[in-house]
Amino acid sequence: MWWIYALLSALFAALTAIFAKIGIKGVDTDLATAIRTVIILILAWAIALFKGGHNGIGSLTKTNWTFLVLSGLATGLSWICYFRALQLGKVTQVAPVDKLSVALAIALSVLFLGEPLTLKNSIGALLIIGGTIVLIF
């Protein structure tokens with residue numbers, strides 16, 4: 001079942017690039033990111049409230065809070081950079097290079113989470129890195 005959500009994530013990420021490229025025309029990218037963030041905030045809280053997920057907020061540990069805040073900061077910085085890149089470049093350039101994050105996530109998961117690096121993951125990461133280099137140059 002995870003792969004269905006992963007494919008939907010990829011679809012929505014692709015739509016994000018297209019919608020953002022159209023939406024940021026003539027707009028400050030930081031303002032665009034702020035607007036996008038408000039929409040995501042409303043949507044995320046609506047889903048959490050509807051599904052009852054908000055009831056678990058009291059059980060979050062200091063570690064949970066620390067890393068959720070760090071994740072939020074990383075996401076915000078990623079979006080700011082992504083919108084600026086979209087404003088300066090083409091979607092066909094920016095979106096694939098942004099997916100270098102997949103290879104970086106694989107490497108960081110091995111280094112910091114102790115996840116195993118399989119041959120399949122290594123080959124996939126190397127192909128992504130190679131594709132990114134082709135698209136940049």
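Mentor: The account below begins with the whole protein and then turns to one residue and its surroundings.

This is a predicted model, in which local features need pLDDT of at least 70 and side-chain atom pairs count only at pLDDT 80 or more, while totals for chains, interfaces and linings use all residues. Residues are numbered from 1 along each chain as its sequence is written, and side-chain values use heavy atoms, with hydrogens and water left out.

The protein has six helices and zero strands, where helices (H or I, at least four residues) and strands (E, at least two) are DSSP runs numbered from the N terminus. Read from the N terminus, the order of elements is α-α-α-α-α-α. The C-alpha trace spans about 50 × 45 × 30 Å along its principal axes.

Threonine 29 is buried because its relative accessible area is 6%; buried means under 20%, exposed over 50% and partly exposed in between, with a 1.4 Å probe and protein chains only. When neighbours within four places in sequence are left aside, threonine 29 is in contact with Phe83, Arg84 and Gln87, contact meaning heavy atoms within 4.5 Å. Helix α3 covers residues 62–88.

Leucine 60 is found in the loop between α2 and α3, and counts as partly exposed because its relative accessibility is 30%. From leucine 60 to leucine 70 there are ten residues in sequence and 15 Å in space, C-alpha to C-alpha. Leucine 127, in helix α6 (residues 119–136), is exposed, since its relative accessible area is 61%.

Arginine 36 lies over the face of tryptophan 79, at 4.5 Å from the ring centre; a charge sits over a ring if NZ of Lys or CZ of Arg is within 6 Å of the ring centre and within 35 degrees of the ring normal.

To return to the whole, buried residues make up 15% of the 137 residues in the protein. Of the contacts with a separation of 6 or more, 71% are accounted for by residues 24 or more positions apart.
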